[in-house]
Amino acid sequence: MTKTKLSMAVGLAIVAAGANAQSSVTLFGVADLGILSARASGVAGVNSVITDGNTSTRFGLRGTEDLGGGLKAQFWIEGAVSMDTGASGTTSVDNIASSANGLFARRSTLGLQGNFGEVRMGRDYTPTFNNLTTAVHPFGTNGVGNAGQLFYPVAAGGTTPRTHVRASNSIAYLTPNLGGFSAHVMWANAGAAAAAGTDNGRYVGARLAYRAKDFTVSAATGKTEYATGDYTQSNIGATYRMGPARLSYLWGQNKVGVTSTKANMIGVQYQIGKGEVRAAFTTLKAKGVANDATQLAVGYVHSLSKRTALYTAYSNVDNKGVGTRFSVGGGLRPTTPGGNSSGLEFGVRHSF
Amino acid sequence: MTKTKLSMAVGLAIVAAGANAQSSVTLFGVADLGILSARASGVAGVNSVITDGNTSTRFGLRGTEDLGGGLKAQFWIEGAVSMDTGASGTTSVDNIASSANGLFARRSTLGLQGNFGEVRMGRDYTPTFNNLTTAVHPFGTNGVGNAGQLFYPVAAGGTTPRTHVRASNSIAYLTPNLGGFSAHVMWANAGAAAAAGTDNGRYVGARLAYRAKDFTVSAATGKTEYATGDYTQSNIGATYRMGPARLSYLWGQNKVGVTSTKANMIGVQYQIGKGEVRAAFTTLKAKGVANDATQLAVGYVHSLSKRTALYTAYSNVDNKGVGTRFSVGGGLRPTTPGGNSSGLEFGVRHSF
Amino acid sequence: MTKTKLSMAVGLAIVAAGANAQSSVTLFGVADLGILSARASGVAGVNSVITDGNTSTRFGLRGTEDLGGGLKAQFWIEGAVSMDTGASGTTSVDNIASSANGLFARRSTLGLQGNFGEVRMGRDYTPTFNNLTTAVHPFGTNGVGNAGQLFYPVAAGGTTPRTHVRASNSIAYLTPNLGGFSAHVMWANAGAAAAAGTDNGRYVGARLAYRAKDFTVSAATGKTEYATGDYTQSNIGATYRMGPARLSYLWGQNKVGVTSTKANMIGVQYQIGKGEVRAAFTTLKAKGVANDATQLAVGYVHSLSKRTALYTAYSNVDNKGVGTRFSVGGGLRPTTPGGNSSGLEFGVRHSF
């Protein structure tokens, strides 16, 4: 088999002479695989090969075209891959139900950028998601330490929220950096699938952020209208860098119909040579759904290169009530009232 | 994340020294997103982010290998992306039913080309589709002005035609240009999924075209055998260029079982600097299915570069009978007998 | 449309200067399309455009990063395409059931390689599959001569084996070449989808191979635990090269619950200029399922270049009992007790 080899550009921009000068297409991706040993009260443990313990496996294409006069067009198509099975990801075409065939459902956007900022359309991260990522949370939304365990919404009253991470059929405006301040507002609806005359599946949200040399703070809120009960997601995140250490704090609230969950997280990351030690502790208060819970997560990431790292993490989720709703993931949920769930994982993450 | 940057070749062929000289692989695509305000008699309007208003979003790989002696091999795999949701497209594996997982279902072909023309196999456009595209129709089959609204077949008597655009399991022969004349013939069947001994899902069609300096004319017809009633598609298209203007005429007929729809379109496109004004007017006569209807479409496309354009279009479909079958798309169909449907869209199209 | 052209590297490694020296990403694929005339006792014949007659159509990305100190990271994501319909492939996320959306389900692995060999995780070929490929069998597992017809397992007692080709959620160790000897061991389970406390879907297998200048021999065995009855696959393959000829022998056994099938194949391949003549004869003995059968296959492959070939093959499967279980594929199975099945195919295979 003849092979097409693509040059890897580590900081190297390959430029072509087109009608309007500079353009480039970037092919990129991440592969993440590991092993997980998961335990939960009342059920047998599972040892398994798993994916995405450190970073979500993905592949994509993106490119920017300089249109002249400070105007740029940027496209971005990026899809998930279940690296342990080769399966593609899911999407929600109407922001109401989950659907298969989410080929580029991590992000599929087209934007026009200029001094005014960016107007961007398509399927994209909601402004309210950003604070749950590694932008604030030491573990982001991956692996047993996953912010999603306690900061994602709990389905209630017939509403399963779909917009706590991304929204389809969105149009957004992102300001440029204005003296450290930036804002991101988004409107999205159920698309052409929308039932005429209803607001079912419509998302409106905004995020305001401030970034100084060693300090960041950001607040976001968004509301999705559902015929079965509206969903509101709000959060505030802050980080502070002190030499090799980074401290983080995250508050988040999810209201689903008449229920709510509120969580508070304190986190720390510490660089030691090519490694990073990380820890997060989260408490959750539930109202009308699930139960109160706490989560402790500790981990270590060791870089073998800029592109490749080994990682390990341990996390324990302790349910405080009979709901035993929460777990560290890995397919197990405790069945004993007030039960806990724990997981230990080791893995490799490789970017390309 | 380390990034793989691919050089953009605007007319630049990157050539490698292989066993048989020249070969290249091209990665290509289009991203198209916009907003649509759609209205229809008897139902509430919808305002929504939509995709493919100007050109169908896609991504693909294609390549040609020079085999020596004038012989070339060409492969082409191209898939649709719902740019507003990240979802992949659909296909029909047997030319009878629609099916998901149409990863490269816009086109997946392998051909051998030479002085004799080309023999091409796989999933491909049917010869009868060509006249509905921008090769003739000012709006092609995209957006509110979409030729598909009145030139696509209407399901009847248990038959939902699948071959008015593409056919799976096809083998085709395309002549070279013979003094302005060219022909395209195709045979396709239901593939290995075919019920033995039946012709269900079998397509046979042909197109004959003539191209002069400022004038083109083309006629095509194709028949697909269905157990529930055969489907026949026929059309004739002509274009005439006069300086900055292009005039177009399209006649098309779809017979589904014992029913039929016939449509006539006159269109005009006019270049003004970096912009193009376009308009089309279509009348449809229905027999045994749906109802008579007319469609008016006007639009404007403004090129920001060779690769990027802004566009807007308005279209109105007026149903003449109680079927109220036809609309401009966007998820709405009139519910009032004789009702109409209209849509106004704005968007951005970017090729890569 | 502006086109991104990728340079074709025929033995040319494009290297970039990164943090740890050498890295590359390879985009690769195969397109294979042809026509098949299939016949089977008791049913009407089918003539059809088919895919994968010589080699499975695929596309993928793979890359290797040199981490220094002899250590390398390698990722590999590769998916199937039904070249006649554009559809993507299937996977089995739990090694128990088949599932759609197998975007990169031919292989999705991440490995660390060094002097010690390779540790590799993800969805990959099982060690027991290798002997069924063209590594031993003249026709590999493609087309009418396909080793899979008699060497793949037959579902029985509620168990449909899924691991005779690949396993999801696997971790494997591959030794380096040790004086001609090499070994491959793999463990895989049902992943996070596993029912806690059960071994349903768990595969364990190993392969030991020896390679001399003109001679290879390899033995493999693997067991998959299923709640409905375990599945065991074992085989021994040997090849011997004599100038332009290669002789091959394959023994394989599949036990599904209390049933079994055993097959023996003798094969020959003979190079004549740019062509290869190939033939294989297989006998199968069945116990408790299906029926005894024999398969004869003959074929010819003519290379037009290193990347492109024309091929033809004929095969006949003769069922010896009332099960009439076996066929040459192409969607037909005999319905007459003791019936046979035959197929003649012509096609083109192109690698990119």
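Is K285(C) buried or exposed? K285(C) is exposed, with a relative accessible area of 57%. The scale is this: buried is under 20% relative accessible area, exposed is over 50%, and partly exposed is in between, with a 1.4 Å probe and protein chains only.

Ground rules, quickly. This is a predicted model, where local features need pLDDT of at least 70, side-chain atom pairs count only at pLDDT 80 or more, and totals for chains, interfaces and linings use all residues. Residues are numbered from 1 along each chain as its sequence is written, chains are lettered from A and ligands numbered from 1 in the order written, and side-chain values use heavy atoms, leaving out hydrogens and water.

Salt bridges, then. The whole structure has 33 of them over all chains. The criterion is a side-chain nitrogen of Lys or Arg within 4 Å of a carboxyl oxygen of Asp or Glu. K285(C) bridges to D292(C), with the closest N and O atoms 3.8 Å apart. D292(C) is partly exposed, at 25%. Now chain B. K285(B) and D292(B) meet in a salt bridge, 3.8 Å from N to O. K285(B) is exposed at 58%, and D292(B) is partly exposed at 26%. In chain A, a network of salt bridges links R107(A), E118(A), R120(A) and D124(A).

Which residue does R58(C) meet in a salt bridge? The partner is E78(C), at 3.8 Å, N to O. R58(C) lies in strand β4 (residues 58–68) of chain C and E78(C) in strand β5, so the pair ties together parts that are 20 residues apart in sequence. Strands here are DSSP E runs of at least two residues, numbered from the N terminus. Both R58(C) and E78(C) are buried.

Stay on E78(C). Strand β5 of chain C spans residues 71–82. The relative accessibility of E78(C) is 3%. Its side chain also makes a polar contact with the side chain of R106(C), at 2.6 Å. A polar contact is a pair of N or O atoms within 3.5 Å; within protein, one must be able to donate a hydrogen and the other to accept it, and residues adjacent in sequence count only if both atoms are side-chain atoms. Leaving out residues up to four places away in sequence, E78(C) touches several others, including F28(C), F59(C), F104(C) and Y125(C). Touching means heavy atoms within 4.5 Å.

On to the rings. There are 18 aromatic pairs over all chains. The rings of F75(B) and F352(C) have centres 3.9 Å apart and planes at 10°, so the pair is stacked. Rings of Phe, Tyr and Trp (its six-membered ring) pair if their centres lie within 6.5 Å, and planes under 30 degrees apart count as stacked. This pair crosses between chains: F75(B) sits in strand β5 of chain B, F352(C) in the segment after β20 of chain C. F75(B) and F352(C) are buried.

Y125(C), which E78(C) touches, has a stacked partner in F129(C), at 5.4 Å centre to centre and 10° between the planes. Y125(C) is partly exposed at 23%, whereas F129(C) is buried at 5%. One aromatic cluster is formed by F59(A), F104(A), F59(B), F104(B), F59(C) and F104(C).

Last stop, the surface of chain A. A nonpolar patch of about 760 Å² includes I35(A), Y249(A), V298(A) and F346(A). Patch residues have over 30% relative accessible area and no salt bridge, with nonpolar side chains (Val, Leu, Ile, Met, Phe, Trp, Tyr) joined within 5 Å. Areas come from the Shrake-Rupley method with a 1.4 Å probe; for residues, only the protein chains shown count as cover. Strands β18 (293–303) and β20 (340–351) each supply at least two patch residues. V298(A) sits in β18 and is partly exposed at 37%.

Technical notes
Helix = DSSP H or I, 4+ residues; strand = E, 2+ residues; numbered from the N terminus. Patch = residues over 30% accessible without salt bridge, like charges linked within 9 Å, V, L, I, M, F, W, Y side chains within 5 Å. Phe/Tyr/Trp six-rings, centres within 6.5 Å; stacked < 30°, edge-to-face > 60°.
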